[in-house]
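Subject: Structure handover

Hello,

Here is the structure we spoke about, with its sequence. My notes follow below it.

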Amino acid sequence: MEFLNFHHVRYFWTVARKVGAHKAAFELGVSQPSISAQLRLLEDSLGEKLFRRGGRNLVLTEAGQLALTYADEIFS
């Protein structure tokens, strides 16, 4: 596994809590494509998909649920 970027983890955590990149982008004050790019880099770094599409929302995969528990600890 490569070095994890704080922004990647923060963006992931916000998307997971907001259940979507659009709401997370608004909260973080960045563009939705920026969020998507950061998530893609994090998934590439981890070698796991963290989200899958569930209609119009993003749904955490099993790996995403595990990553969210660690992100919750980091940001609590």
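In which helix is Thr14 found? The answer is α1, which covers residues 6-18. Please keep in mind that this is a predicted model.

I began with that residue. Thr14 has a relative accessibility of 2%, and it therefore counts as buried, the cut-off being under 20%. A polar atom of the Thr14 side chain lies 2.9 Å from the backbone oxygen of Arg10. Leaving aside residues up to four places away in sequence, Thr14 touches Ala24, Glu27 and Leu28.

Next, the helix around it. The 13 residues of α1 should span 18 Å at 1.5 Å a residue, and the C-alpha atoms at its ends are 18 Å apart, so the two values agree. At the N-terminal end, α1 is capped by Asn5, with a side-chain oxygen 2.6 Å from the backbone nitrogen of His7. Just after the helix, Val19 has a positive phi of about 60°.

Thr14 is one of the buried residues of α1; the others are His8, Val9, Tyr11, Phe12, Trp13, Val15 and Ala16. What do the buried residues of α1 pack against? Their partners are α2, α3, β1, β2 and α4.

Then the pockets. Rolling a probe the size of a water molecule over the atoms shows where empty space is left.

The largest pocket holds about 360 Å³ of space. Its lining is made up of 16 residues, and Ala21, Gln32, Ser36, Arg53 and Leu58 are the ones nearest its centre. At least two lining residues come from each of α2 (21-28), α3 (32-46), β1 (51-54) and β2 (57-60). Of these, α3 supplies the largest share, five residues. By class, the lining of the largest pocket has five nonpolar, five polar and six charged residues.

The second largest pocket holds about 230 Å³. It is lined by 14 residues, with Leu4, Leu42, Leu46, Ala67 and Tyr70 nearest its centre. Two or more of the lining residues come from each of α1, α3 and α4 (62-75). Which element gives the most to this lining? That is α4, with six residues. The lining of the second largest pocket has 13 nonpolar residues, no polar ones and one charged residue.

Regards

Definitions and conventions: Residues numbered from 1 in each chain as written. Predicted model: local features only at pLDDT ≥ 70, side-chain atom pairs only at ≥ 80, totals over all residues. Heavy atoms only, no water. Helix = DSSP H or I, 4+ residues; strand = E, 2+ residues; numbered from the N terminus. Buried < 20%, exposed > 50% of the residue type's maximum accessible area, 1.4 Å probe, protein only. Polar contact = N/O pair within 3.5 Å; in protein donor to acceptor, adjacent residues only side chain to side chain. Contact = heavy atoms within 4.5 Å. 1 Å grid on protein atoms, 1.4 Å probe; cavity = no way out; pocket = protein on both sides within 12 Å on 5 of 7 lines; lining within 4 Å. Points joined across faces, edges and corners; volume = space filled by probe spheres on them. Nonpolar A, V, L, I, M, F, W, Y, C, P; charged D, E, K, R; others polar. Expected span 1.5 Å × (residues − 1).
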